[in-house]
Number of protein chains: 2
Amino acid sequence: MTGSPSSAGVSTALFTDRYELTMLAAALADGTATRHCVFEVFARRLPDGRRYGVVAGTARLLESIERFRFGSEELAALADVVDPSTLEWLGDYRFSGDVDGYPEGELYFPGSPILTVTGTFVDAVVLETLSLSILNHDSAIASAAARMVTAADGRPLIEMGSRRTHEAAAVASARAAYLAGFSATSNLEAERRHGIPTAGTAAHAFTLLHDDELSAFRSQVSALGPQTTLLVDTYDIRRGIELAVQAAGPGLGAVRIDSGDLGVLARQAREQLDGLGATATRIVLSGDLDEYAIASLRAEPVDSYGVGTSVVTGSGAPTAGMVYKLVEVDGRPVAKRSASKESRGGRKSAVRRFKPTGTAIEEVVHPAGAPIEVGPHDRVMPVPLVRDGKTVPGVETLEQSRERLRAALVSVPWEGLKLSRGEPALPTVFEGMS
Amino acid sequence: MTGSPSSAGVSTALFTDRYELTMLAAALADGTATRHCVFEVFARRLPDGRRYGVVAGTARLLESIERFRFGSEELAALADVVDPSTLEWLGDYRFSGDVDGYPEGELYFPGSPILTVTGTFVDAVVLETLSLSILNHDSAIASAAARMVTAADGRPLIEMGSRRTHEAAAVASARAAYLAGFSATSNLEAERRHGIPTAGTAAHAFTLLHDDELSAFRSQVSALGPQTTLLVDTYDIRRGIELAVQAAGPGLGAVRIDSGDLGVLARQAREQLDGLGATATRIVLSGDLDEYAIASLRAEPVDSYGVGTSVVTGSGAPTAGMVYKLVEVDGRPVAKRSASKESRGGRKSAVRRFKPTGTAIEEVVHPAGAPIEVGPHDRVMPVPLVRDGKTVPGVETLEQSRERLRAALVSVPWEGLKLSRGEPALPTVFEGMS
């Protein structure tokens, strides 16, 4: 599903910070360029009070790495950035190293080795910005969206926040929200590029365009059928519902309410619809909903939610804060050692320990080569994603990643699904490391 | 400058919410499609406690409207969304209406008519999502960036947040930050696409790659010259500065410190550099800086700042919250009238009133046709941007918009530039409207 007609073949090579190329140039000149390096992507902490993070963007990243090539246009743009011999080297660049990582849709915790990029220094250093942009954005959206899915408690959610974020970020947001369990998106490019179901019928503008509300509803029913969703809060909601049923009959698909005290309005709407015989007509709520508002509507007769701003902005945490750190050079662990922002050197792996019941207990992060006990219920977290520059066959589809997250959330101890602020749902244990 | 080789010609038509096309199909069927409509983009309020907003993204929007065409690939993707006759109509679509708006780089306040799109219903309704995505994103970034520029009080700022946001949003963020007065960006695509100066030399990884810090510094100086910026906080900062001057000589361009108590470290670094004779070596600070941290460093010997996460995420306000509302149909004012989220109907314009000293006093929003007094120091805010589907010649360049914002910020009453939370810097007065 990845790769639309409009993105296939377009180079991703300039989604890169200048310093990666100046480091590369200097390393080519001084002979360190071919040192064998391990870079690791991890989050030092979760966003304030969050209990888990959701890995998202992996498939997008793998596809973007394949398009990370410096063609003649990219090289021309870099003529003032690096020297001619570096340009020549870039012209031949193609990532030829390995990538391992947590599967997309998996949970992560502070210190989890989410992605490990292995190769020569120059092979791996240039992927820093692209990797972080994709993982930080998509994981932030998926992490927020997963909390909304939990809050909705089985009721469907529609992502409709495209207008509140960058036009391309909107497409990735729709994908991340779907991964997290949303049912559909309003974004048409997300359907084309990622195969995500789209939804949407009409805005207030459609009602205002017409001479009266009934004309607008009749027109919509005529064009989209009585199973459509009519937006009933342009004028008086009670009157809107009456006209909606008048236009579509008691078989009307749904009414949408986008403003006001949504809980009260949902109860009134349900009662009114039932009174009109429209007992199967669904109630869709939208309008500044976030995970807390969704949770507060749990007792109301709501059938689905439309969520915009809060999901595409990560509901207070618009970036996941992951970093891309060099941890090993020619087999030697390396790490920054000044005052703060310290890192743990050396290539790492992780095992998630589970009770026999399937409930997760802890995230054990350990040196990659060291022996580690893996019990019958435990799971080694990273999987191979790229070998010698080629994406490993069998990387999960979006549907599989969606199912993976669903299952992962079931494995979290119950406190981990609370919306309130707290500690990570699983403790990270660093084993065999200073 | 807009339009890179990789974006030119690519359709923007699917950066659209499905409901725009279903409304369009219904309007084509019922005969309301050609009603003359006015849509208005405005913000009901500024983000929590902010005193002004900065209009950004206008030039990107105008260029994206030119690429808003449904080619064969887009039409194929919509085969299940709308009926065949609507598809045919879309195939011929080209925006042929008018757009007026606040020039890019201008300040806006609650209710300011930031953009006005005029045309038939179907002409204008399909631009809702694209317009809002671009304006909401770019304005959020520019609005946050402008506060950082004020906090930096003349010291240069480098935008280096690409890794914390979607890879395409990163390019737009770099542009918006530059518009707001940042000096440079780390993002190479932003240089190619928008002509923004790039900066960047090395990360901690470069030091860790080498056998020791001195080798790394020598390599960097050899590749980039002694005027480069050396990152001195990988190990011990004091020792790092000593080695940096040893490698580059007292003519070293700059040292960068990315962690720790930055104010204290800057003072110590200045003293040490001066003692080593490197009196002209600049001090660059980075690491989780936002406008408040920048302001708190005002008394320290800092020469420039690198800003990442906070600028690309809008420093707590990742979206500007603008809406796109139908306000007029065939000359008749229209507006939603239910419980909340009310809007004012009718096409509007705005005049900003100024004292003779050049200080702005108030934002007067009024019906577009109504007579309004425009004093000798006052300014009519909207300007023509598109006429009959064609971008008006002379739309400002990015450099001109940058200068416009700089001048606009000078015109704001002094309280309006405070970083603390407060009321909008200018009151919005709705004149001649209910």
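B:R406 counts as partly exposed, since its relative accessibility is 48%. The structure considered here is a predicted model, and what follows should be read with that in mind. The salt-bridge partner of B:R406 is B:E403, with the two side chains meeting at 2.9 Å from N to O, and B:E403 is likewise partly exposed, because its relative accessibility of 41% lies between the limits of 20% and 50%. Both residues belong to helix α15 (residues 398–411) of chain B, where they stand 3 residues apart, about one turn of the helix.

### Salt bridges

Side chains of opposite charge can pair when their charged atoms come close. Over all chains, the structure holds 58 salt bridges, and several individual pairs are listed below.

| Pair | N to O distance |
|---|---|
| B:R406 and B:E403 | 2.9 Å |
| A:E189 and A:R192 | 2.9 Å |
| B:E74 and A:R192 | 3.1 Å |
| B:E40 and B:K348 | 3.1 Å |

In chain A, A:E189 and A:R192 are both found in helix α8 (residues 188–194), 3 residues apart, which is about one turn of the helix, and both residues are buried. A:R192 also takes part in a salt bridge that reaches the other chain, its side chain meeting that of B:E74. Elsewhere in chain A, a network of salt bridges links A:E106, A:R352, A:E363, A:R379, A:E396 and A:R404.

### The interface between the chains

How much area do chain A and chain B bury between them? The amount is about 7,800 Å², of which 60% is on carbon and sulfur atoms. On the side of chain A, the residues that lose the most area to chain B are A:R163, A:L188 and A:L209, which together make up 10% of what that side buries.

The polar part of the interface includes 12 salt bridges, and 47 residue pairs are counted as being in polar contact between chain A and chain B.

### Nonpolar cores

The largest nonpolar core has 132 residues, and those with the most contacts inside it are A:F39, A:F70, A:F121 and B:Y305. Helix α6 (residues 128–152) of chain B gives the most to this core, contributing 8 residues. Once neighbours within four places in sequence are left aside, the contacts of A:F39 include A:L115, A:V117, A:F121, A:Y324 and, in the other chain, B:A205. A second, separate core has 131 residues, among them A:L230, B:F39, B:L132 and B:V386.

Within chain B, B:V125 lies in helix α5 (residues 121–125) and counts as buried because its relative accessibility is 1%. B:V125 touches B:E20, B:M23 and B:F39, with residues up to four places away in sequence not counted. The C-alpha atoms of B:V125 and B:Y324 are 9.1 Å apart in space, although the two residues are 199 residues apart in sequence.

Chain A has 15 helices and 19 strands, and its C-alpha atoms fill a box of roughly 80 × 55 × 40 Å along the principal axes. Of its 434 residues, 62% count as buried. Among contacts in chain A with a separation of 6 or more, 74% are between residues 24 or more positions apart.

Most residues other than glycine have a negative phi. A:D153, which is not a glycine, has a positive phi of about 55 degrees and lies in the loop between α6 (128–152) and β6 (157–159) of chain A. In chain B, B:D330 has a positive phi near 45 degrees, and this residue lies in the loop between β12 (322–329) and β13 (332–333).

Note on methods
Residues numbered from 1 in each chain as written. Chains lettered and ligands numbered in written order. Predicted model: local features only at pLDDT ≥ 70, side-chain atom pairs only at ≥ 80, totals over all residues. Heavy atoms only, no water. Buried area = accessible area lost by both parts, 1.4 Å probe. Salt bridge = Lys/Arg side-chain N within 4 Å of Asp/Glu carboxyl O. Polar contact = N/O pair within 3.5 Å; in protein donor to acceptor, adjacent residues only side chain to side chain. Core = buried A, V, L, I, M, F, W, Y, C linked by side-chain atoms within 4.5 Å. Buried < 20%, exposed > 50% of the residue type's maximum accessible area, 1.4 Å probe, protein only. Helix = DSSP H or I, 4+ residues; strand = E, 2+ residues; numbered from the N terminus. Contact = heavy atoms within 4.5 Å.
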